[in-house]
Every structure is written in structure tokens, then in C-alpha cells.
Amino acid sequence: MHVLVTGASGFIASHIVQQLLAKGHRVRGTVRSLAKEKDLARLRALPGAAERLSFVAADLRTPGGFDEAVRGCDAVLHTASPYTLDAKDPQKDLVDPAVMGTRNVLLACQKEPSVKRVILTSSMAAITDEPESDHLLTEADWNNKSSLQRNPYYYSKTLAERAAWEFIEQEKPNFDLVVINPFLVIGPSLSAGINTSNQLFVDLLAGTYPGIMNLTWGFVDVRDVAEAHVRALETPGAKGRYITAGETIGMRALVELLDKNGWAKGNKLPKLGMDCGAGDFAVRLSSYLQPKGIGSYLRTHVGRVPRYDTSKVRNELGVKFRSVESSILDTLVDLEREGHVKREAGTAPSH
Ligand code: NDP
């Protein structure tokens with residue numbers, strides 16, 4: 001197939017590009033600027049890239065900006081969307097590009113009869129703003145709480161996915177829509193930069209967290225997320241939304257895992273136990289001193305254990321998830337290789 005991947009040099013998208021090329025597809029990738037040769041060089045070096053990968057510039061905010069990019073494509077994987085918890089102007093920096101970008105991509109696809117399927121990278125952020133420990137999340141759940149003030153990144157993803165489904169409902173285009181809703185994506189990066197989600201480990205080792213908080217993350221490996229996208233493309237019966245997540249892990253277990261694998265020495269892993277009622281209270285209170293987006297994330301997640309049903313993606317798309325421990329340790333080794341974190345000599349990981 002000839003496939004368009006938007007935001008091709010992004011953390012998740014570059015793995016999608018790698019897997020598509022490995023499966024013999026022709027890939028066109030959009031990037032905001034073709035001048036970012038450093039980002040593109042790694043993609044150009046992927047097996048199959050010389051023969052089957054090309055790039056075109058496109059910005060999410062430009063009306064008609066994707067018309068040329070989708071020309072002749074059989075399918076579009078729309079992953080581009082700003083991902084930051086700390087936006088200065090959430091409307092302009094998050095919501096506008098997420099929603100306008102999604103509509104621009106869908107409008108371009110509507111004009112191009114060759115496009116048969118669009119796969120949208122949404123997020124668990126469109127499923128829940130504040131996971132309830134006693135509610136098993138499924139694809140039927142929608143985030144109804146986020147706003148420009150409260151978890152604005154979550155708001156941008158919810159509005160963008162809603163806009164996509166509304167478009168399908170109203171326009172009844174020639175293509176179908178499949179949506180991937182990943183949880184927190186970690187794993188080795190094909191680009192030199194640090195993704196917002198992998199930054200968590202850099203912060204944890206750098207002593208940014210004052211203590212071990214009552215936080216539990218649902219992680220998923222970037223290679224598994226990319227595979228879910230590719231399978232959604234190649235599975236004719238793929239339909240609707242797919243929660244894409246591996247196992248959850250709490251901050252205490254995460255810190256212990258890193259310690260056991262040699263990451264404590266020379267770093268500042270948190271030690272102070274704040275994973276108790278008083279700790280939750282302190283985290284909520286101090287969250288008001290954090291940048292707005294990070295503060296609201298802490299207030300809506302502390303003390304909560306996300307629970308979710310991943311049977312749809314496993315049964316319908318056949319995705320098998322890596323263990324959370326191996327994924328975390330692979331991420332750390334990759335961050336070390338790229339020079340983002342350090343470990344004292346002689347403290348090699350046990351896996
Ligand atoms: P990245 O920041 O690595 O990728 C985001 C991509 O979007 C980049 O390629 C970026 O381009 C592009 N982009 C942002 N703004 C614009 C714009 N105005 N015009 C054109 N392109 C733009 O993040 P991820 O790979 O993690 O995210 C990819 C997708 O996955 C996003 O939709 C994100 O919401 C979603 N997601 C991510 C999760 C995670 O934990 N990482 C979890 C769930 C969903 P540029 O390089 O030029 O900035």
C-alpha cells in the first residue's frame with residue numbers, strides 16, 4: 001500500500017514508518033519543515049527507506065495543507081498533534097492544531113478517492129481525564145471533564161477525536177476511520193530528542209520528584225503502539241476505537257525496578273515515601289506551585305490506579321504487549337545511549 005504518515009519524525013510515527021517499510025509498504029511522511037535534516041536523516045537510514053520513503057512539508061494549521069500530501073495514497077495514519085502538558089496558550093498551542101489538523105487531514109482525504117482508511121492516533125486522554133480506581137475503562141468511555149484550564153492536552157485530544165467521528169457521521173466519506181487510543185507511550189526512540197512521556201524517566205533520575213508519590217501509570221511500548229497502527233491498517237475488519245496499553249506500574253515499583261537494575265547510583269531517585277494519605281494531600285497542595293498543566297495532571301491522577309480493558313486490541317488486531325519492566329529498562333538503556341541519562345560505571349542492568 002501507499003501510506004501517508006503525518007508527523008513522520010515524531011516518537012510514535014517514526015516507529016510506524018519503520019514497521020511499514022519493513023512490511024514492504026510505500027510511505028510518504030509529512031513533517032512541519034523539510035529543513036530539519038537531522039530528524040529526517042535517521043528515517044532515511046531505515047531499511048527500505050531509500051526506495052520507498054519520501055517526505056512532504058505540511059502544517060496542521062494550514063487549510064488545505066494536506067491536500068498534496070494525501071494524493072495517490074491508499075491510507076492515512078494521522079499521528080501529528082502537539083504533545084505537551086505545559087502549554088502557554090492551550091487554545092493556540094494545543095486545541096487549534098489538534099482539531100484543525102484532524103479536520104484538514106480528513107478534508108484532504110475526502111477529496112482523494114484513493115484513500116480507503118484513516119487511522120487516527122488519539123489517546124487514553126480522550127477516554128478519561130481522571131481514572132477511577134473502581135471503574136474498568138473500555139472503548140465506550142469518553143473524557144467529559146477536561147477543559148482549557150483542566151488537563152488541556154487531554155482536552156485537545158478529546159476534541160480532535162470527537163471532530164473525527166463527527167466528520168465521518170456527517171460527511172459519510174469514502175473511507176473508514178479507525179482510532180488508536182494509547183496510554184503513556186515509552187520505549188526506545190528512533191530520534192535524538194526526548195519524548196514528553198520518556199521525559200518521566202529523565203526527571204525521576206534527576207531528582208525532580210521530591211518523593212515516591214501515589215502515582216500509577218499505564219505504560220505501553222512504542223513498538224507495540226506502532227504495531228497496533230500497522231495492524232489497524234492491514235486488518236480489513238478493524239473498526240472503532242482501540243485502547244492500546246500494557247500493564248500499569250506504580251511509582252514505588254518503578255523506583256525499585258530502577259534501583260535493582262543499577263540506576264540509583266549517581267542519580268537522584270526519590271526515597272521519601274509520599275505514597276500515603278498525607279502524601280497525597282501534600283502532592284495536591286504543592287501541585288499548585290507547578291506549571292498549570294502539570295499541576296492539574298497531578299491533582300487528577302494522584303491516588304488513582306487506572307484500570308482498562310485491552311481485550312479489543314488483543315483479540316481483533318492480535319497485538320501482544322511487552323512486559324512493562326522490559327519496556328522500561330529498554331527505554332533507560334536507549335536514553336543512556338543517546339546521552340540523556342547516566343549510570344555509574346559497573347552498574348549494568350540485570351536484564
Ligand atoms: P511527538 O511530539 O514526538 O510527535 C508529535 C508530532 O506532531 C511531531 O511530529 C510534530 O512535528 C507534530 N506536530 C505538532 N504540531 C504540529 C503542527 N502544528 N503541524 C504539523 N505537525 C505538528 O509525540 P508522540 O510521538 O508521542 O505523539 C504522536 C501522537 O500520539 C500524538 O497525536 C499524541 O497526542 C499521541 N499520543 C502520544 C502518547 C505518548 O505517551 N507519547 C500517548 C497517547 C497518544 P514536529 O516534530 O515538527 O514538532
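**Close-up views of a predicted model**

**View 1. Helix α11 and the residue that follows.** Just after α11, G303 has a positive phi of about 80°. The model is predicted: local features need pLDDT of at least 70, side-chain atom pairs count only at pLDDT 80 or more, and totals for chains, interfaces and linings use all residues. Residues are numbered from 1 along each chain as its sequence is written, and side-chain values use heavy atoms, with hydrogens and water left out. Helices (H or I, at least four residues) and strands (E, at least two) are DSSP runs, numbered from the N terminus. Seven of the 10 residues of α11 (residues 292-301) are buried, so this helix is largely enclosed by the rest of the structure. Buried means under 20% relative accessible area, exposed over 50%, and partly exposed in between (1.4 Å probe, protein chains only). The buried residues are G293, G295, S296, Y297, L298, T300 and H301. They pack against α6 (152-171), β9 (212-213), β10 (216-221) and α10 (277-286), where contact means heavy atoms within 4.5 Å.

**View 2. Helices α9 and α13.** Helix α9 (residues 251-260) packs on helix α13 (residues 324-337) at an angle of about 55°, and their axes are 11 Å apart. Axes are lines fitted to C-alpha atoms, for helices over the stretch in contact, and angles run from 0 to 180 degrees between N-to-C directions. The two helices are therefore oblique to each other; angles under 35 degrees count as roughly parallel, over 145 as roughly antiparallel, 65 to 115 as roughly perpendicular and the rest as oblique. L254, L257 and L258 of α9 meet E325, I328, L329 and L332 of α13.

**View 3. The pair Y83 and Y153.** The whole structure holds five aromatic pairs. Rings of Phe, Tyr and Trp (its six-membered ring) pair if their centres lie within 6.5 Å; planes under 30 degrees apart count as stacked, over 60 as edge-to-face and the rest as tilted. Y83 and Y153 make a tilted pair, 4.7 Å centre to centre with 40° between the planes. Y83 lies in the loop between β4 (75-78) and α5 (90-110) and Y153 in helix α6, so the pair ties together parts 70 residues apart in sequence. Y83 is partly exposed at 28% relative accessible area, whereas Y153, at 11%, is buried. Y83, Y153 and Y154 form one aromatic cluster.

**View 4. The pair F183 and Y308.** The ring centres of F183 and Y308 are 5.1 Å apart and the planes are at 40°, so this pair is tilted. F183 counts as buried at 18% relative accessibility, and Y308 counts as buried at 13%.
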